[in-house]
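Here is a short briefing for a reader new to this structure. Please look at the sequence and the model first.

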Amino acid sequence: MPKYYEDKEEDGRACGGVREDLRQCLLESPCVLQENKSPKQCLMEGHCRSLQMTFFACKRSVVSLCGNFFLLLAW
């Protein structure tokens, strides 16, 4: 089960839970803890790649739904 379900308040933003898991994964990675690199650098090096892809897929689906909604309004 993702960590964001445990004793957390509702984020309210789209894909907030996946965003929190990605954030935690990066902050707990050896890249940040041992090599003292920034989370952004570690993300660019490929750490937590599966969560990054899940987050991007979630954001992409939100954008896709918004586009479809506006197309229905214009029709």
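What percentage of the 75 residues of the protein chain count as buried? The share is 20%, where buried means under 20% relative accessible area, exposed over 50% and partly exposed in between (1.4 Å probe, protein chains only). This is a predicted model, in which local features need pLDDT of at least 70, side-chain atom pairs count only at pLDDT 80 or more, and totals for chains, interfaces and linings use all residues. Residues are numbered from 1 along each chain as its sequence is written, and side-chain values use heavy atoms, with hydrogens and water left out.

**Elements**
- The protein chain has four helices and zero strands; helices (H or I, at least four residues) and strands (E, at least two) are DSSP runs, numbered from the N terminus.

**Disulfides**
- The whole structure contains three disulfides, a disulfide being a pair of cysteine sulfur atoms within 2.5 Å.
- With bonded cysteines counted along the chain, the pattern is 1-6, 2-5, 3-4.

**Cys-15 and Cys-58**
- Their sulfur atoms are 1.8 Å apart.
- Cys-15 lies in the segment before helix H1 (16-27) and Cys-58 in helix H4 (residues 49-74), 43 residues apart.
- Cys-15 is buried at 11%, whereas Cys-58 is partly exposed at 23%.

**Cys-25 and Cys-48**
- This disulfide has an S to S distance of 2.0 Å.
- It links Cys-25 in helix H1 to Cys-48 in the loop between helix H3 (39-44) and H4.

**Cys-31 and Cys-42**
- The S-S torsion is about -90°, so this disulfide is left-handed.
- Cys-31 is buried at 0% relative accessibility, and Cys-42 is buried with a relative accessible area of 0%.
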